[in-house]
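Please take a moment to look over the sequence and the model side by side. We will walk through them together, one stop at a time.

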Amino acid sequence: MDDEYKLRRRLRRKSQGITNLHHFRYELFNNIIDMQLTELDDRFTETSTKLLLCVACLNPGDFFSTFNKEKLLRLALFYPSEFSIVDLMVLGDQLDTYIIDLGGDDEFSGIEGIASLAEKMVKTKKNLIFPLVYMLIKLSLLLPVATATVERVFSAMHIVKSRLRNRMGDKWMNDSLVVYIEKDIFDKIDNEAIMKRFQNMKTRREQL
């Protein structure tokens, strides 16, 4: 890596004093990192980025090297319905004990990924000892699913509630979205059963 980096033949004059290490570290690596950061900024809002950085602190890899108490407390603030003010105070104490307990436990030394961490905590009953920390882990595991579901709903909403149906009520739109999003399930329902269902509803209404 300390050898001189050689550019293409017609640009060889500009390569004087540039080593392979300098080329790969500054001219390639840093440029790629900048491109990835730009793409992340385009895809995620500032709030989403902060949320992902906080979730990363739960990663148990490399002996919990990414653990950060302040960021995990910040993560809990994203879920006010799950963590009250008292819970946040207790969570701070649990996090202090949690990192000492699990960080020194050989059973958690080779774990990779938050899902494996949650599974191991249940197996060792640590979820009962650190219930609020375990709640954070569960919410973090639900985050990708919830995000994907929300994106699907918004995409479907643009299709279902078109310009010609912009006066659609909330209940009718909700029912239409369920049918559209879960079309694989509704395709398995026989049309005859649906017709009989609505026919019976009409009969009951006439009797009333």
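Predicted model: local features only at pLDDT ≥ 70, side-chain atom pairs only at ≥ 80, totals over all residues.

Residues are numbered from 1 along each chain as its sequence is written, and side-chain values use heavy atoms, with hydrogens and water left out.

Let us begin with helix 4, which spans residues 69-77. Helices here are DSSP runs (H or I, at least four residues), numbered from the N terminus. The buried residues of helix 4 are Leu-72, Leu-75 and Ala-76; buried means under 20% relative accessible area, exposed over 50%, and partly exposed in between (1.4 Å probe, protein chains only). Viewed down the helix axis, these buried residues fall within an arc of 100 degrees, so they line one face of helix 4. That arc is taken from the directions that run from the helix axis to the C-beta atoms. In general, an α-helix has 3.6 residues a turn, so residues three or four places apart point the same way. On the face turned away from the buried side of helix 4, you will find the exposed residues Glu-70 and Leu-77. At the start of helix 4, a side-chain oxygen of Asn-68 comes to within 3.1 Å of the backbone nitrogen of Glu-70.

Now for the charged side chains. The structure holds two salt bridges, a salt bridge being a side-chain nitrogen of Lys or Arg within 4 Å of a carboxyl oxygen of Asp or Glu. One of them joins Asp-96 and Lys-69, at 3.0 Å from N to O. This pair links distant parts of the chain, with Asp-96 in helix 5 (residues 85-103) and Lys-69 in helix 4, 27 residues apart. Asp-96 is partly exposed at 35% relative accessibility, and Lys-69 is partly exposed at 24%.

Another salt bridge brings together Lys-126 and Asp-101, at 3.0 Å from N to O. Here Lys-126 in helix 7 (residues 126-129) is linked with Asp-101 in helix 5, 25 residues away. Lys-126 counts as buried at 11% relative accessibility, whereas Asp-101 is partly exposed at 25%.

Which side chain of opposite charge is nearest to Lys-120? Lys-120 sits in helix 6 (residues 114-123), and the nearest such side chain is Glu-107, 4.1 Å away. Lys-120 is buried yet has no salt bridge. For charge, Lys and Arg count as positive and Asp and Glu as negative, with His and the chain ends not counted.

Our last stop is the aromatic rings. The whole structure has three aromatic pairs; rings of Phe, Tyr and Trp (its six-membered ring) pair if their centres lie within 6.5 Å, and planes under 30 degrees apart count as stacked, over 60 as edge-to-face and the rest as tilted. Phe-64 and Tyr-98 have ring centres 6.0 Å apart and planes at 85 degrees, so the pair is edge-to-face. Phe-64 lies in helix 3 (residues 61-64) and Tyr-98 in helix 5, so the pair ties together parts 34 residues apart in sequence. Phe-64 is buried at 6% relative accessible area, and Tyr-98 is buried at 1%. Tyr-98 also forms an edge-to-face pair with Phe-130, at 5.8 Å centre to centre and 85 degrees between the planes. Ring pairs link Phe-64, Phe-67, Tyr-98 and Phe-130 into a cluster.

Note on methods. Helix = DSSP H or I, 4+ residues; strand = E, 2+ residues; numbered from the N terminus. Polar contact = N/O pair within 3.5 Å; in protein donor to acceptor, adjacent residues only side chain to side chain.
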